[in-house]
Amino acid sequence: MNKLGVIGGLGPMATAYFYQLIVQMTEASTDQEHIETIIYSRPATPDRTKFILGKSKEDPMPFLLDAGRKLKRQGANVIAIPCITAHYFQKRLEKTLGTRVIHAIEETGKYLKHRNIHTVGIMATDGTVESKLFQTILGKYNIECVTPEKEGQEKVMHLIYKDVKSGKPVEMDLFESVSKELFDAGAQVILLGCTELSLIKRDYTLGKGFLDVMEVLARQAVISCGRLKEEYNELITE
C-alpha cells in the first residue's frame with residue numbers, strides 16, 4: 001500500500017471530515033486493512049483566497065511546502081490537500097516535492113467526463129472562482145462552468161466564512177438560492193468546490209444533482225492507497 005499524507009487544517013473541521021471519508025470509503029474488514037495515513041494539521045497557513053486575490057501578501061506556499069516535506073520525510077508517497085482553493089498551488093507543490101499531490105479538480109474533470117456531464121455550476125471561494133481553477137481544468141474535458149452572479153457569490157462566501165468556518169448554523173435559504181440560480185443557468189450538476197461546503201452536504205439533505213469535490217478527492221486517495229468500496233463509485237446525489 002502507498003502511504004497517504006494529508007496537508008490539513010485548511011480548515012480543521014474539513015480535515016477531520018476528510019479523514020472520516022477516507023475511513024468510510026475504504027474496503028476493510030480489520031484495522032490492519034485500512035490506509036496508513038499521516039495528517040499534518042497546519043491551521044496557521046495564511047488564507048488562500050486573500051493571497052490569490054491580492055488582498056494579502058502572506059504567501060501560503062511556504063507553509064504548504066513545509067508540511068509536504070515533513071509528510072514526505074515520514075514516508076508519505078501520495079499527498080492530498082482537503083482545501084480546494086489550495087489547489088491553486090498544486091502544480092508548484094508537486095514539482096518541488098517530487099511526490100504525487102492528488103489534484104482534486106483534475107480528478108473531478110475525469111469523473112464528470114466519464115459520466116457525460118457537459119455543464120456544471122461552481123460553488124467555491126472567490127479565490128477559486130477568480131483564479132479560474134475549475135474553468136481551466138474542466139475546459140480540457142469540454143465541460144462548461146457556470147458561476148453565480150455577484151450577489152450569489154457573496155452568499156456562497158457568507159456560507160463558507162460566516163457560517164461554516166465560524167461554527168454557526170448554516171443558512172440553508174442562501175444555499176438553496178444559489179443552487180437555484182446555477183440550475184436555472186443550465187447546470188446539470190453543481191460542484192461543491194470548497195471543503196466547507198462539503199460539511200453542508202454532510203449535515204443536510206441537498207437533493208439531486210450535487211457533487212462534493214472533497215468526496216472525489218477522498219475517493220481518489222483511497223484508490224491510490226487502498227481498496228475502494230464499490231458504493232462510492234457514484235458520488236452525484238440522487
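**View 1. The largest cavity holds about 90 Å³ of space.** Arg48, Cys83, Thr85, Thr125 and Tyr161 lie closest to the centre of this cavity, among the 14 residues that line it. Two or more lining residues come from each of helix 2 (48-52), helix 8 and helix 10. The model is predicted, so that local features need pLDDT of at least 70 and side-chain atom pairs pLDDT 80 or more, whereas totals for chains, interfaces and linings use all residues. Residues are numbered from 1 along each chain as its sequence is written, and side-chain values use heavy atoms, without hydrogens and water. The cavity lining divides into six nonpolar, four polar and four charged residues (nonpolar: Ala, Val, Leu, Ile, Met, Phe, Trp, Tyr, Cys, Pro; charged: Asp, Glu, Lys, Arg; polar: the others, with Gly). On a 1 Å grid over the protein atoms alone, a 1.4 Å probe fits in a cavity but cannot get out, a pocket is an open set with protein on both sides within 12 Å along at least five of seven lines, and lining residues have an atom within 4 Å of a point. Grid points are joined across faces, edges and corners, and volume is the space filled by probe spheres on them. In the whole structure, the search finds one cavity of 30 Å³ or more.

**View 2. The largest pocket has a volume of about 220 Å³.** Of the 14 residues lining this pocket, Lys91, His103, Leu133, Thr136 and Ile137 lie nearest its centre. Helix 4 (90-97) and helix 7 (133-139) each contribute at least two residues to the lining, which comprises four nonpolar, five polar and five charged residues.

**View 3. Helix 8 (residues 150-164) packs with helix 10 (residues 195-203) at an angle of about 80°, their axes being 9 Å apart.** Helix 8 is therefore roughly perpendicular to helix 10 (65 to 115 degrees; under 35 is roughly parallel, over 145 roughly antiparallel, the rest oblique). Axes are lines fitted to C-alpha atoms, for helices over the stretch in contact, with angles from 0 to 180 degrees between N-to-C directions. From helix 8, Val156, Leu159, Ile160 and Val164 meet Glu196, Leu197, Leu199 and Ile200 of helix 10, contact meaning heavy atoms within 4.5 Å. This contact of helix 8 with helix 10 has seven nonpolar, no polar and one charged residues.

View 4. Strands pair if DSSP finds at least two bridges between them; helices (H or I, at least four residues) and strands (E, at least two) are DSSP runs, numbered from the N terminus. Strand 1 (residues 4-8) and strand 2 run parallel and are joined by five bridges, and leucine 4 has threonine 37 of strand 2 as its bridge partner.

**View 5. Four strands in the order 6-5-7-8 form an open sheet with parallel pairing.** The edge strands, strand 6 (144-146) and strand 8 (210-212), each pair on one side only. Strand 7 (residues 189-192) runs parallel to strand 8 and is joined to it by three bridges, with leucine 192 opposite aspartate 212 in strand 8. Helix 11 packs on this sheet, touching strand 7 and strand 8, and its direction makes about 50° with that of strand 8.
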